[in-house]
Amino acid sequence: MKTPYELIGGENGVRNLAKEFYVVMSARSKAKTIREMHAPDTSEVEQKLFMFLSGWMGGPDLYFEKYGTVCLTKPHAGYSISSEERDQWLDCMDQALDNTGASDELKAMIKQPMFAIADMMRYTR
């Protein structure tokens with residue numbers, strides 16, 4: 001069985017997904033709330049998403065190698081993230097997966113684990 005990293009096309013596929021995610025987020029009026037949580041230039045966070053997804057999908061663990069941890073709750077703790085923001089994020093990721101041509105096999109493989117991670121980010125002030 002192939003890893004999600006292999007199914008998406010390795011480094012280039014993961015990089016394209018991270019880039020497309022922020023393109024979708026910036027274009028969707030329904031994602032305005034989560035877009036406003038980001039700086040106008042998303043290149044830095046796009047790189048971090050790429051690095052995280054690389055390891056999370058079964059490729060090189062780039063995020064851990066650079067930051068020494070893969071704890072996602074601490075960087076998100078400064079934001080109010082409810083189920084609404086979680087769902088906005090997941091919708092943007094679903095659209096980015098579609099836009100990059102991700103296979104149904106890949107989408108089915110990561111859907112529940114992706115939800116679990118996004119759900120852990122919920123934190124309201």
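Predicted model: local features only at pLDDT ≥ 70, side-chain atom pairs only at ≥ 80, totals over all residues.
Which hand does the crossing of α2 and α4 have, left or right? Residues are numbered from 1 along each chain as its sequence is written, and side-chain values use heavy atoms, with hydrogens and water left out.

Helices first. Two packed helices are described by the angle between their axes and the distance between the axes. Helices here are DSSP runs of H or I with at least four residues, numbered from the N terminus. Axes are lines fitted to C-alpha atoms over the stretch in contact, and angles run from 0 to 180 degrees between N-to-C directions.

So, α2, residues 10–27, and α4: their axes cross at roughly 140° and come within 9 Å. That makes the pair oblique, the label for whatever is left once angles under 35 degrees count as roughly parallel, over 145 as roughly antiparallel and 65 to 115 as roughly perpendicular. And the hand? The crossing of α2 and α4 is right-handed, meaning that the near helix is turned clockwise from the far one by less than a right angle. Contact, that is heavy atoms within 4.5 Å, involves Val-14, Leu-17, Phe-21 and Tyr-22 among others in α2, and residues including Val-45, Leu-49, Phe-50 and Leu-53 in α4.

Next, α4 with α8. Their axes are 13 Å apart, at an angle of about 130°, and the two are therefore oblique to each other. This crossing is right-handed. Phe-52, Leu-53 and Trp-56 of α4 touch Ile-110, Pro-113, Met-114 and Ile-117 of α8. By class, that contact has seven nonpolar, no polar and no charged residues. For the classes, Ala, Val, Leu, Ile, Met, Phe, Trp, Tyr, Cys and Pro count as nonpolar, Asp, Glu, Lys and Arg as charged, and the others, Gly among them, as polar.

Now the space. On a 1 Å grid over the protein atoms alone, a cavity is a set of points where a 1.4 Å probe fits but cannot get out, a pocket is an open set with protein on both sides within 12 Å along at least five of seven lines, and lining residues have an atom within 4 Å of a point. Points are joined across faces, edges and corners, and a volume is the space filled by probe spheres set on them.

The largest pocket holds about 850 Å³. Of its 29 lining residues, Tyr-22, His-38, Val-45, Pro-75 and His-76 lie nearest the centre. α4 gives the largest share of that lining, five residues. The lining has 19 nonpolar, four polar and six charged residues.

The second largest pocket has about 190 Å³, and α7 and α8 each supply at least two residues of its lining. Leu-90, Met-93, Ile-110 and Phe-115 are among the residues there.
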